[in-house]
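Here is a short briefing on a single protein model.

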Amino acid sequence: EIIDIEQIRINQVTIQHPDKPLVTVSRAKPLDEFQLEDIPAGRSAKSTEVAAIPFGLQKLPLVDVNKAKDAALDWSDAIKVNFTTFDGLTVRVDLKKKDLGIVARFHASAEANTDTNTEANTESSAEASSLNQRLQPWVFVLPNHTVTTFTRNIEELLVALPVAEE
């Protein structure tokens with residue numbers, strides 16, 4: 001496992017594909033269901049797919065690992081996924097296809113949250129620092145079936161429109 005951030009901690013996930021609309025799923029409280037934001041008029045979300053997204057960092061496995069400096073990848077066209085917890089930790093995952101797999105790099109940060117206590121903010125900062133120290137030197141190859149959970153675009157999260165009859 002590369003990382004294990006339990007779904008119960010996740011407040012919001014954003015997914016930015018190059019040249020596609022931003023996808024945001026969020027909830028107000030830890031036990032609330034995740035909701036897809038900015039659903040186009042007349043459409044509805046696939047609740048199962050939306051609910052799966054926040055599990056993206058929970059017990060995330062890896063297939064292989066390489067030193068980041070040796071990977072020599074251009075990340076400008078990467079999918080950028082941000083997982084933000086209720087206690088102020090954000091883990092950004094940059095993903096791109098390489099050869100026959102999906103590679104990822106990770107960056108964690110902590111933002112002071114005025115809704116939580118100072119101790120929680122300190123813990124988030126320490127966690128971010130620890131994650132960065134452990135993860136930033138590496139580029140990870142992830143299992144394709146795992147990555148699709150948290151790299152869906154808006155159309156993949158919406159119920160298909162009915163086919164018009166002629």
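Which elements each supply at least two residues of the lining of the largest pocket? Strand S6 (89–98) and helix H4 (144–147) do. This is a predicted model: local features need pLDDT of at least 70, side-chain atom pairs count only at pLDDT 80 or more, and totals for chains, interfaces and linings use all residues. Residues are numbered from 1 along each chain as its sequence is written, and side-chain values use heavy atoms, with hydrogens and water left out.

**Largest pocket**
- The volume of the largest pocket is about 300 Å³.
- Lined by 15 residues, the largest pocket has His 17, Ile 79, Lys 97, Ile 102 and Thr 151 closest to its centre.
- A pocket is an open set of points on a 1 Å grid over the protein atoms alone, where a 1.4 Å probe fits, with protein on both sides within 12 Å along at least five of seven lines; lining residues have an atom within 4 Å of a point.
- Volume is the space filled by probe spheres set on the points, which are joined across faces, edges and corners.
- S6 gives the largest share of the lining, 3 residues.
- By class, the lining holds 5 nonpolar, 5 polar and 5 charged residues.
- Asp, Glu, Lys and Arg count as charged; Ala, Val, Leu, Ile, Met, Phe, Trp, Tyr, Cys and Pro as nonpolar; the others, Gly among them, as polar.

**Lys 96**
- Lys 96 sits in strand S6.
- Lys 96 has a relative accessible area of 12%, so it is buried (under 20% relative accessible area, 1.4 Å probe, protein chains only).
- Its side chain makes a polar contact with the side chain of Asp 77 at 2.8 Å (a pair of N or O atoms within 3.5 Å, one able to donate a hydrogen and the other to accept it).
- Beyond neighbours within four places in sequence, contacts of Lys 96 include Leu 73, Trp 75, Gly 101 and Val 103 (heavy atoms within 4.5 Å).

**Thr 151**
- Thr 151 lies in the segment after H4.
- Thr 151 is buried too, at 12% relative accessibility.
- The side chain of Thr 151 reaches the backbone oxygen of Val 147 at 3.1 Å.
- Outside four places in sequence, Thr 151 contacts Ile 15, His 17, Ile 79, Leu 95 and Glu 156.

**Whole chain**
- The chain has 4 helices and 8 strands (DSSP runs: H or I, at least four residues, for helices; E, at least two, for strands).
- Buried residues make up 39% of the 166 residues.
- Along the principal axes, the C-alpha atoms fill a box of roughly 60 × 45 × 25 Å.

Note on methods. Buried < 20%, exposed > 50% of the residue type's maximum accessible area, 1.4 Å probe, protein only.
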